[in-house]
Amino acid sequence: MPTWGWFIVALALVDTAVLAAWLLARKAPGKNSATTTQMMLAGLDDHARNEIYRLVGEKKQINAVKLFRERTGAGLKEAKDIVDSVGRGEPLPTPGTYTHATGLDTGAWEDIIPKLRTLKSEGRTIAAIKLLRARTGLTLREAKEAVDRL
């Protein structure tokens, strides 16, 4: 292959690498982590909470972490930290009592979650998503996923 042929191949590889780096470096839309955590915790009903307490009491932390992640959609680290805190005797956080690490008190969640559950049970999922977006500023995808987890 002539020299100019190798030059074209190298140029194509560099273009591909630049494009891949640009696609990987794009930032995802910012998330309100306190809001996201509130909606995750809303997925824990009394049965799931009792099951997590039972699993932690039986020293089955891995199963407790799996259950917490299934019900809330939380990440592995966050789920493990919460289950570890339960193992130390702390209660599971609730949407009404959770305070984000930034100090943001999110007690207003106690009134929105029952409204969202009512709307969803009435088959008015779109109205629930609109209400959630209006109150929290979540993206459409985040709000839909949160309402689906209720």
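Which residues does Leu44 touch, not counting residues up to four places away in sequence? Keep that in mind as you open the structure, which is a predicted model.

**Stop 1**

Select residues 3-25. This is helix H1, and Ile8 is found in it. Now highlight Trp4, Phe7, Ile8 and Leu11. Together they form a nonpolar patch on the surface, with about 490 Å² of accessible area. Ile8 counts as partly exposed because its relative accessibility is 49%.

**Stop 1: the core around Leu44**

Select Leu44 and show its surroundings. Leu44 touches Arg49, Ile52, Phe68, Arg71 and Thr72, leaving aside residues up to four places away in sequence. Leu44 belongs to the largest nonpolar core, which has 15 residues. Next, colour three helices: H3 (46-57), H4 (61-72) and H5 (76-87). Each supplies at least two residues of this core.

There is also a second, separate core, with 11 residues. To find it, select Ile113, Ile129, Leu132 and Val147, which are among its members.

**Stop 2: the annotated domain**

Select residues 57-86. An unreviewed UniProt entry places "domain: Large ribosomal subunit protein bL12 C-terminal" at these positions. The stretch is 80% helix and 0% strand. Its end C-alpha atoms are 9 Å apart.

**Stop 3: salt bridges**

How many salt bridges does a search of the whole structure find? The search gives eight. Visit three of them.

- Lys60 and Glu58: their side chains meet at 3.6 Å, N to O. Lys60 is partly exposed, at 39% relative accessibility. Glu58 is partly exposed too, at 38%.
- Asp81 is partly exposed, at 39% relative accessible area, whereas Lys77 counts as exposed, at 61%.
- Arg124 and Glu122: their side chains form a salt bridge at 3.5 Å, N to O. Arg124 is partly exposed, at 45% relative accessibility. Glu122 is partly exposed as well, at 48%.

Terms used: Residues numbered from 1 in each chain as written. Predicted model: local features only at pLDDT ≥ 70, side-chain atom pairs only at ≥ 80, totals over all residues. Heavy atoms only, no water. Patch = residues over 30% accessible without salt bridge, like charges linked within 9 Å, V, L, I, M, F, W, Y side chains within 5 Å. Areas by Shrake-Rupley, 256 points an atom, 1.4 Å probe, with all protein chains shown as cover. Salt bridge = Lys/Arg side-chain N within 4 Å of Asp/Glu carboxyl O. Helix = DSSP H or I, 4+ residues; strand = E, 2+ residues; numbered from the N terminus. Buried < 20%, exposed > 50% of the residue type's maximum accessible area, 1.4 Å probe, protein only. UniProt positions renumbered as here; feature names shortened; annotations may be inferred. Core = buried A, V, L, I, M, F, W, Y, C linked by side-chain atoms within 4.5 Å. Contact = heavy atoms within 4.5 Å.
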